Amino acid sequence: MKTISILSFTERGKLLAEKLSAALNKNHTTEVFDRRTDAKAYLSEHFAEKDVFIFICAAGIAVRLIAPLIRGKDVDPAVVVMDEFGRYAIPILSGHLGGANEAAAEIAELTGAQVILTTATDINGKFAVDVWSKYAGCKIMDVSGIKTVSSAVLAGEKIGIHSGFPFEGNMPKELTLDEAEIGICVSLAGNQKPFPTTFHVVPRIVTVGVGCRKGVSSEQFEKFLLKNLEENNIAIEAVEQIASIDLKKFETCILAFCHKYKIPFVTYTAEELAAVQGDFSSSDLVKSVTGVDNVCERSAVLGSKGGRRILSKTSGGGCTCALAMKDWKCKF
């Protein structure tokens with residue numbers, strides 16, 4: 001489910017906006033902009049909050065309104081422009097990573113509009129590394145490299161691919177397992193260099209199970225977690241979530257870390273953790289305080305849906321952590 005804002009500036013546009021909102025509300029949360037208010041102020045307040053913006057107006061109006069707010073293709077929301085007769089749906093920002101192309105296709109299905117795509121890989125029917133990364137659940141380490149890979153694809157060059165994970169599905173014809181000048185590396189570390197020009201993607205599949213003494217500083221907790229990730233060759237981008245017992249759901253240092261790195265924080269009850277199957281280190285002290293003999297290892301495994309443990313309980317400075325990785329394949 002996405003959060004969608006629809007803006008229009010004429011009476012005809014308003015009618016289309018209301019009709020479109022009603023249709024999209026079946027699967028998403030939509031908001032129709034009140035055209036009597038200030039559009040610039042509205043966008044300044046909500047641009048970073050919404051997933052999709054639909055402008056029912058001239059493309060130039062939309063471009064001028066969003067221009068001061070654009071930050072980068074990895075963080076900008078999807079923006080789609082429609083004419084007020086609903087004949088065309090045109091993605092103009094974040095077509096791939098932000099999902100504007102997908103949003104335009106959904107709008108077209110609901111309204112009968114024609115989708116107008118301008119992204120080069122789409123109109124040429126070529127492999128798009130940013131689309132694939134999103135589909136595969138990977139984080140792109142450096143979005144500036146998208147242009148390099150896409151340019152090579154459009155020039156007819158073969159793009160290498162190196163993965164520490166098994167492949168699944170039919171590999172696109174633009175990719176090769178042979179040596180190549182430009183290639184994609186799929187790893188948890190995000191810093192290997194199997195090709196002269198390497199484009200790094202990191203699957204977000206690691207759950208970090210944590211525990212800490214009450215009142216541990218945010219600085220100490222952050223230093224502890226980053227040290228353990230680095231020592232195990234895991235980029236912070238590979239972390240899908242932080243997990244712990246519900247007694248820690250308001251722990252300041254954990255919340256601060258998750259907020260800083262934009263990582264979800266999930267918690268479980270002692271009963272849920274105790275039910276996790278496996279061989280875990282046990283502590284009578286931990287059990288007396290929390291009701292379960294181990295928090296970090298159990299929460300890591302539970303959060304990764306029974307995934308493989310890649311770091312057992314590690315302690316330091318009043319903190320504990322364990323790492324588990326859910327089962328994942330490099331899918332096409």
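Me: Which residue in S14 is the bridge partner of Thr207?
Reply: Gln241. Bear in mind that this is a predicted model.

Me: What makes S13 and S14 a pair, and in which sense?
Reply: Two strands count as paired if at least two bridges are found between them. Strand S13 (residues 206-212) and strand S14 (residues 239-245) have four bridges. They therefore meet the cut-off of at least two. The sense is parallel.

Me: How do you know how S13 pairs with S17?
Reply: By the bridges again. S13 and S17 share seven bridges, in the antiparallel sense. In S17, Leu323 stands opposite Val208.

Me: What holds strands of a sheet together in general?
Reply: Backbone hydrogen bonds, in either the parallel or the antiparallel arrangement.

Me: What is the strand order of the open sheet?
Reply: The five strands run S15-S14-S13-S17-S16, and the pairing is mixed.

Me: Why are S15 and S16 called edge strands?
Reply: Strand S15 (265-268) and strand S16 (308-316) each pair on one side only. From one strand to the next, the twist averages 25°.

Me: Why is S13 called largely enclosed?
Reply: Buried means under 20% relative accessible area. Seven of the seven residues of S13 are buried, so the rest of the structure largely encloses this strand. Val206, Val208, Val210 and Cys212 point one way, and Thr207, Gly209 and Gly211 point the other way. All of these are buried.

Me: Which helices lie across S13?
Reply: Helix H8 (residues 218-231) lies across S13, S14, S16 and strand S17 (319-325), at about 40° to S17. Helix H12 (residues 296-303) lies across S13, S14, S15, S16 and S17, at about 155° to S13.

Me: What kind of unit do S13, H8 and S14 make?
Reply: A right-handed β-α-β unit. S1, H1 and S2 also make a right-handed β-α-β unit.

Me: How many bridges link S1 and S2?
Reply: Four, between strand S1 (residues 3-8) and strand S2 (residues 29-32), in the parallel sense. In S2, Thr30 is the bridge partner of Ile4.

Me: How do you know what length is expected for H4?
Reply: The expected span is 1.5 Å times one less than the number of residues. Helix H4 (residues 100-111) has twelve residues, and 16 Å is expected. From first C-alpha to last, H4 reaches 16 Å, close to that expectation. Gly112 follows, with a positive phi near 85°.

Me: What makes the buried residues of H4 line one face?
Reply: Ala100, Asn101, Ala103, Ala104, Ile107 and Ala108 are buried. Seen down the axis of H4, they fall within an arc of 160°, so they line one face of the helix. An α-helix has 3.6 residues a turn, so residues three or four places apart point the same way.

Me: What covers those buried residues of H4?
Reply: The cover includes helix H1 (11-24), strands S3 (52-56), S4 (78-82), S5 (88-93) and S6 (114-115), and helix H5 (120-123).

Me: What separates the C-alpha atoms of Val131 and His96?
Reply: A distance of 5.4 Å, with the two residues 35 apart along the chain.

Methods. Residues are numbered from 1 along each chain as its sequence is written. This is a predicted model: local features need pLDDT of at least 70, side-chain atom pairs count only at pLDDT 80 or more; totals for chains, interfaces and linings use all residues. Side-chain values use heavy atoms; hydrogens and water are left out. Buried means under 20% relative accessible area, exposed over 50%, partly exposed in between (1.4 Å probe, protein chains only). The arc is that of the directions from the helix axis to the C-beta atoms. Contact means heavy atoms within 4.5 Å. Axes are lines fitted to C-alpha atoms, for helices over the stretch in contact, and angles run from 0 to 180 degrees between N-to-C directions. A crossover is right-handed if, with the strands pointing away from the viewer, the path from the first strand over the helix to the second runs clockwise.
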